[in-house]
Amino acid sequence: MAKLNENYLKLPGSYLFSEIARRVNEFKSQHPNVDMIRLGIGDVTRPLAPAVVEAMKNAVDEMGKPESFRGYGPEQGYDFLIERIIANDYRPRGIELGKDEVFVSDGAKSDTANFQEIFGLDNVMAVTDPVYPVYVDSNVMAGRTGMYDTEKGQYGKIVYLPCTEENGMKPALPTTPVDMIYLCFPNNPTGMTLTKEELRLWVDYARENNAIILFDSAYEAFIREEEVPRSIYEVEGARQVAVEFRSFSKTAGFTGTRCAYTVVPKDVLVYDSQGQGHSLNKLWLRRQTTKFNGVSYPVQAAAAAVYSEEGKKQIRATIDYYMENARIIREGLKEAGFKVFGGVNAPYIWMKTPHNMGSWEFFDKLMAEAHVVGTPGAGFGANGEGYFRLTAFGTRENTEKAIERIKTRMK
Ligand code: MLT
């Protein structure tokens, strides 16, 4: 008899964005003529940059010729891409990385979900609340979280770090010991950031407690304010305790193309039951070489073009476009009387629902009355209840239309 990994039974019915899609499809089937505007899942709408498309086409042509065909690539990624990542994303900010400290992959979602495999099941993990659900659900599947308390909307063994209006959406250090800490800044879903000094508190905590920070910086390209740190490695000592996840999905429109990378410095150690330290970098390499065969050559060539002079210009224009959407949403919602957070250094706007309405109730009302889809805050954790997320990744036309509809129909 095939036996189940019963940890899967601890998961709520469906993944957040699948549940949203289900509700939207159901509504659409009953109201087929409705012009629905989707500002729910953070999926991009601008096409790939011309420099990226050209690089991908050239790479595909190379694959079709015997003299330039390539089979399996290096599992960690091609040097031509890794060198550009280091030279553009890190060196200008005073961060030196070895080529073997960068691992190219098919997405930050899969990397953040897979990375926990390296850690023992007795580690205590901490997440902000609200949080990107992948960190939690992947640990549930592994069996690290205990049971789900439906009353609280939380798992018994996870340490939740509330991000609330009272603390300015900035998590406080845990008051009980934790071993694995997931941080995402600029934050999904709140769109808020930490200063370098605030980030330093986390690095110091991790150093003092031999904890590891899993730092998701998938949205760093949207940072507008110069003083906001773009990488955790801008903080002294982070090389010893932090892994950083980055993605081309939002930065360069790769949600359907798939390319990302994870930085695992060689200095980060993880400890066995005898207290002996082991290199996390070596273990992640071992994991990836076993379970992953790398990102396709045309996609890596396309990602490398993100760093060409033309590519950089084109990508900056796209990011500016989305950040103008963010401004339109933020200011439009404020004018309509809503309380809003984020959207300044991130493509997400986090709003308080009106009249203390539940997040899912607001979701249904917004869909039914304004024909706008967003993401209910409760889907990101108990502290997300009473909040709602809109993304700036829509088209300009839809973004303006959505705000107009919210202003006129959601009083
Ligand atoms: C989101 O909407 O939170 C993101 O699109 C999810 C993701 O990047 O996987």
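Predicted model: local features only at pLDDT ≥ 70, side-chain atom pairs only at ≥ 80, totals over all residues.
Let's start at the ligand. Around the ligand you will find Phe17, Ile41, Gly42, Lys109, Tyr132, Asn188, Tyr219, Lys250, Tyr348 and Arg389. By residue type, this shell divides into five nonpolar, two polar and three charged. Both domain 1 (7-47 + 310-409) and domain 2 (53-309) contribute at least three residues each to the shell.

An N or O atom in the side chain of Tyr132 lies 2.5 Å from an oxygen atom of the ligand. For the side chain of Arg389 the corresponding distance to a ligand oxygen is 2.7 Å, and for that of Lys250 it is 2.9 Å. Taken alone, the ligand exposes 270 Å², and the protein buries 85% of that.

Now for the salt bridges, of which the structure holds 31. Glu83 pairs with Lys99, with their closest N and O atoms 3.0 Å apart. This pair links distant parts of the chain, as Glu83 sits in helix α3 (residues 79-90) and Lys99 in the loop between α3 and β2 (102-105), 16 residues apart. Glu83 is partly exposed at 39% relative accessible area, and Lys99 is partly exposed at 38%.

Helix α10 (residues 309-335) holds Glu309 and Lys312, three residues apart, about one turn of the helix. Their salt bridge has its closest N and O atoms 3.6 Å apart. Glu309 counts as exposed at 57% relative accessibility, whereas Lys312 counts as partly exposed at 26%. Glu324 and Arg327 also lie in helix α10, three residues apart, and their salt bridge brings the closest N and O atoms to 2.7 Å.

Note on methods: Residues numbered from 1 in each chain as written. Heavy atoms only, no water. Near = heavy atom within 4 Å. Polar contact = N/O pair within 3.5 Å; in protein donor to acceptor, adjacent residues only side chain to side chain. Areas by Shrake-Rupley, 256 points an atom, 1.4 Å probe, with all protein chains shown as cover. Nonpolar A, V, L, I, M, F, W, Y, C, P; charged D, E, K, R; others polar. Domains from an automatic or database assignment. Salt bridge = Lys/Arg side-chain N within 4 Å of Asp/Glu carboxyl O. Helix = DSSP H or I, 4+ residues; strand = E, 2+ residues; numbered from the N terminus. Buried < 20%, exposed > 50% of the residue type's maximum accessible area, 1.4 Å probe, protein only.
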